[in-house]
Amino acid sequence: MKKDMFYFKKMLLIGAIGLVLYGCGPAKALQYADKATIVTQMDLVNVVDDRVLVTVDPGVFNQDTITFFIPKIVPGTYSLDNYGKYVEGLKAIDYKGNELSVNRLDDNSWQIANAKELDKLTYLVNDTYDTEQQVADKVFSPAGTNILSGENYMLNLHGFIGYFNGLKEIPYRLEIKVPNGLSGATSLKKLPTEPKLPGVDVYWANRYFEVIDNPILYAKPNTETFQINDISVTLSVYSPNGIYTAAGLKADMERMMRAQKQFLGDINSTKQYTILLYFSTLNEDDAIGFGALEHHTSTTVVLPEQMPREMLVEALVDVVSHEFFHIVTPLSIHSKEIKYFDFNDPKMSKHLWMYEGTTEYFANLFQIQQGLIDEENFYERLMEKVQNAKAYNDSQSFTEMSKNVLEEPYKENYGNVYEKGALINMALDIRLRELSHGEKGVLWLMKQLSQKYGNHIPFEDEALFNEIVAMTYPELNAFFDTYVIGNTPINYEEFWEKVGLTVTSVIEESGFFLMENIPFIDVDPSKGDAVFIREDIPLNSFLKNLDVQGGDIIKSINDKEISVETMREIIGESFGWAPDKEITMRVLRDGQPLLLKSRAGTPVVTLEVLVPMENASEKQLKLREHWLKG
């Protein structure tokens with residue numbers, strides 16, 4: 001996620017400018033006795049100061065000290081989020097009710113002395129949504145948590161439940177005390193209601209990974225279920241103002257996922273899938289990180305409730321389809337770094353080009369192959385990714401970036417996995433089609449890898465490229481060495497020419513600050529929500545005539561001081577600007593104030609578009625058909 005840190009950037013300025021997205025083996029077990037289950041209780045009823053009480057009963061230990069961890073990072077996020085920062089007042093209680101000595105080693109770990117006497121741990125957990133608009137190192141919302149007493153609980157369980165060192169393979173029993181009127185949606189195994197525990201939902205996980213791999217959304221019932229072949233899909237919606245319902249979105253989700261299943265064919269790693277859709281109010285204590293985070297049998301999605309329905313459905317198709325395709329990779333095809341993920345000392349894989357790039361490519365390719373979009377729309381999406389990729393370091397090795405994604409200067413290029421990562425797969429797809437005379441593409445390749453490895457057998461990180469070359473063509477060795485392992489930028493036009501496509505320039509009208517739904521401006525929360533000119537897209541004639549530059553911070557327009565709120569007002573006013581209206585803009589450029597002036601004019605933007613060649617050969621046309629139609 002990106003996180004599925006997320007790649008989805010284009011539609012939010014109308015509703016809320018700038019709220020765009022910012023995607024080894026198990027440890028040796030300690031001696032452990034009495035009962036082979038860790039019982040964890042969460043009280044969602046008696047919430048104190050917006051904090052949930054968690055109690056952990058680990059059974060009996062046979063050693064003197066034990067360390068308890070809350071994850072620093074979880075799979076799919078590719079950032080160190082330190083969920084332990086949201087834990088307060090952790091206490092270790094012995095069998096007589098007395099407190100044991102606890103030493104907090106860092107944000108995410110606590111060492112308990114006299115572990116043989118430990119009966120239980122208790123601690124309070126704050127949610128992450130409350131602080132997203134106040135802190136720079138915010139948790140990506142779909143990986144975060146929400147506590148709205150009596151109304152909503154977004155339980156990404158890695159934010160509430162931890163593990164003891166060496167005991168991640170021990171089963172967990174989770175008991176959640178639930179407020180009246182709320183119900184939970186999840187793929188986590190739910191046990192039958194127990195008369196001795198009224199008002200308590202009981203869940204079971206075979207190991208810690210299953211706990212954090214199965215988020216739960218508690219809200220007033222707003223759920224629909226539908227069947228896609230042999231997969232049962234549940235859609236659960238939290239819409240605080242009742243604008244959206246699961247029933248109202250069901251048909252669109254069913255149509256999309258049916259097309260995905262048709263695209264995937266016999267690839268199938270789950271019998272159930274749960275979509276947890278949270279709508280944010282955009283209030284100061286609510287989520288602002290929009291997108292989704294994948295899990296093996298579910299996804300969490302966060303979007304603004306103000307989004308118009310048409311825009312929302314388009315976003316859901318793009319976002320949810322991306323997450324569902326993760327059932328292929330990395331959830332089915334993955335390296336040991338993923339299989340034996342270390343939540344507090346992570347070792348990253350070098351194959352984000354596949355984990356995120358292939359997934360994002362499929363999220364677009366399936367739409368053209370299954371008739372959800374036309375060729376023009378598909379080509380437009382590819383060109384948008386080419387343009388977005390220019391915001392990143394195009395000569396940085398993709399495998400090197402992936403392996404070191406938690407550190408700078410690689411971390412700042414993470415978002416490129418959704419742009420160039422998808423384009424790498426596009427180029428690989430076309431090359432495979434060319435070498436196989438149209439018979440084999442990236443989907444075929446993923447099916448072969450899935451058959452060889454599947455959910456339970458990880459591949460060696462260093463061996464994957466050799467494995468792919470061995471099952472395909474020797475020519476792919478040069479492709480990977482040059483464009484994925486190496487630092488050579490891809491000449492996309494070379495690959496498009498193979499399928500009879502070419503790039504040309506067109507002039508299109510735009511708004512003054514928006515091109516359709518794509519803003520020319522953005523907001524930097526780390527600088528007090530400063531509104532600035534984007535550097536990663538072509539500017540329109542209005543902004544060029546003003547002589548603005550990418551990175552300029554807008555201080556005022558026509559003497560109106562600029563904030564997020566006033567910028568929204570000006571965008572609305574701009575639809576009525578006459579061409580001869582005088583516009584003054586004060587900006588801050590590299591710390592220096594500048595006054596810029598120009599007439600409004602009629603804004604246009606010069607765009608590069610991908611179009612079919614007029615005289616494409618039969619060979620090119622046939623290869624294009626294989627590529628686009630599968």
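**Strands, a helix and aromatic pairs in a predicted model**

Biologist: Which residue is the bridge partner of Thr-67 in β9?

Modeller: Strand β5 covers residues 66-69 and strand β9 covers residues 109-112, and the two run antiparallel. Four bridges join these strands, and within β9 the partner of Thr-67 is Gln-111.

Biologist: How many bridges pair β20 with β21, and in which sense, parallel or antiparallel?

Modeller: Strand β20 (residues 231-238) is mostly covered, with seven of its eight residues buried. With strand β19 (residues 223-228) it pairs in the antiparallel sense over six bridges, where Phe-226 has Val-233 as its partner, and in the hairpin of β19 and β20 Asn-229 takes a positive phi near 55°. Towards β21, Ser-232 stands opposite Gln-272. The pairing of β20 with β21 runs over seven bridges, and its sense is parallel.

Biologist: Why do the buried residues of helix α10 lie on the same side, and how wide is the arc?

Modeller: In α10, which spans residues 442-452, the buried residues are Val-442, Leu-443, Leu-445, Met-446, Leu-449 and Ser-450. They are on the same side of α10 because the arc that they cover around the axis is only 155°.

Biologist: Which helices are included in what covers those residues of α10, and which residue with a positive phi follows the helix?

Modeller: The cover of the buried residues includes α3 (246-264), α6 (352-369), α9 (420-435) and α11 (464-471). After α10 comes a residue whose phi is positive, near 70°, and this residue is Gly-454.

Biologist: How is the pair of Tyr-129 and Tyr-278 classed, and how many residues apart in sequence are the parts that it ties together?

Modeller: A search of the whole structure finds 38 aromatic pairs. In the pair of Tyr-129 and Tyr-278 the ring centres are 5.2 Å apart and the planes stand at 65°, so this pair counts as edge-to-face. Both residues are buried. Tyr-129 lies in the loop between β10 (118-126) and β11 (146-148), whereas Tyr-278 belongs to strand β21 (residues 272-280), so the parts tied together are apart in sequence by 149 residues.

Biologist: What is the angle between the planes of Tyr-172 and Tyr-208, and are these residues buried or exposed?

Modeller: Tyr-172 is in strand β14 (residues 172-177) and Tyr-208 in helix α2 (residues 208-212), so that the pair links parts of the chain 36 residues apart. Because its relative accessibility is 3%, Tyr-172 counts as buried, and Tyr-208, at 0%, counts as buried too. The pair is tilted, with 5.6 Å from centre to centre and a plane angle of 50°.

Biologist: Which residues form one aromatic cluster with Tyr-172 and Tyr-208?

Modeller: Besides these two tyrosines, the cluster holds residues of two kinds, Phe and Tyr.

Biologist: What is the radius of gyration of the chain?

Modeller: The chain has 16 helices and 33 strands, and 58% of its 630 residues count as buried. Along the principal axes its C-alpha trace spans about 80 × 65 × 45 Å. For 630 residues a compact globule would have a radius of gyration near 25 Å, which agrees with the value for the chain, 26 Å.

How values were computed:
Residues are numbered from 1 along each chain as its sequence is written. This is a predicted model: local features need pLDDT of at least 70, side-chain atom pairs count only at pLDDT 80 or more; totals for chains, interfaces and linings use all residues. Side-chain values use heavy atoms; hydrogens and water are left out. Two strands pair if DSSP finds at least two bridges between them. Buried means under 20% relative accessible area, exposed over 50%, partly exposed in between (1.4 Å probe, protein chains only). The arc is that of the directions from the helix axis to the C-beta atoms. Contact means heavy atoms within 4.5 Å. Rings of Phe, Tyr and Trp (its six-membered ring) pair if their centres lie within 6.5 Å; planes under 30 degrees apart count as stacked, over 60 as edge-to-face and the rest as tilted. The radius of gyration is taken over C-alpha atoms; the globule rule is 2.2 Å times the number of residues to the power 0.38.
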